[in-house]
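Open the model in your viewer and follow the stops below. Each one gives a selection and what to look for.

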Amino acid sequence: MIYDIRAYGDPILREKSQAISSDYPHLDEIIENMFETMYDSNGIGLAAPQVGLPIRLFIIDLSPFKDDQDYADIAEELAEFKKVFINAEIIDEKGGEWKFNEGCLSIPNIREDVSRHAEITIKYLDENFQPHEEEFNDIFARVIQHEYDHIEGILFVDYLSNFKKKLIHKKLEKIKRGNVKVNYKMRFPKA
């Protein structure tokens with residue numbers, strides 16, 4: 001089942017999500033539906049709050065980057081990077097911050113450069129509730145940080161300067177009202 005993606009302005013995108021246990025109702029189905037929703041919208045990551053669930057769950061599939069010449073040296077790793085993160089906690093961020101042009105399924109048609117740390121260490125549970133503590137860098141760390149922010153109630157536009165925020169303010173208001181063209185299912189808070 002493909003979920004509606006919650007648009008900028010939906011209060012759930014600003015909530016800090018709650019940890020879940022292995023007996024969370026219909027979790028396997030939710031994860032499957034989230035992947036289906038992400039693929040339908042041509043995304044590479046999706047967090048539970050974006051589909052209306054205030055739980056600490058996000059998914060990532062970086063295989064679309066495997067053919068990108070900028071990542072030719074890690075193409076094989078990207079092709080196989082499909083993960084579920086439950087109850088994630090970033091425990092360390094290091095390395096110089098680097099800018100990357102980010103977008104978000106909840107904020108369609110807006111892309112901006114965001115600075116993030118080059119390396120992270122994260123603890124999480126996989127879909128079988130097996131614990132992991134791993135270090136990630138480069139595009140892996142970048143996408144994980146973006147999705148992790150969603151379960152913390154943070155959006156990529158929060159990192160922009162006040163000047164940049166003023167420049168995109170009208171676009172954000174249009175998104176809230178549903179005055180934006182998208183090719184996937186969305187729910188707008190003021191439509």
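Begin with His-26, in the loop between S1 and H1. Helices (H or I, at least four residues) and strands (E, at least two) are DSSP runs, numbered from the N terminus. This is a predicted model: local features need pLDDT of at least 70, side-chain atom pairs count only at pLDDT 80 or more, and totals for chains, interfaces and linings use all residues. Residues are numbered from 1 along each chain as its sequence is written, and side-chain values use heavy atoms, with hydrogens and water left out.

Check the backbone of His-26. Its phi is positive, about 60°, although His-26 is not a glycine. Most residues other than glycine have a negative phi. His-26 counts as exposed because its relative accessibility is 59%; buried means under 20% relative accessible area, exposed over 50%, partly exposed in between (1.4 Å probe, protein chains only).

Next, select residues 27–40, helix H1. Its 14 residues reach 20 Å from first C-alpha to last, close to the 20 Å expected at 1.5 Å a residue. That expected span is 1.5 Å times one less than the number of residues.

Now colour the buried residues of H1: Leu-27, Ile-30, Ile-31, Asn-33, Met-34, Phe-35, Thr-37 and Met-38. Which strands do they pack against? They pack against S1 (5–6), S2 (45–47), S3 (57–61) and S4 (82–104), where contact means heavy atoms within 4.5 Å.

Step past the helix. Asn-42 follows H1, with a positive phi near 60°.

Last stop: Asp-138, in helix H3 (residues 138–151). Phi of Asp-138 is positive too, near 55°. Asp-138 counts as partly exposed, at 35% relative accessibility.
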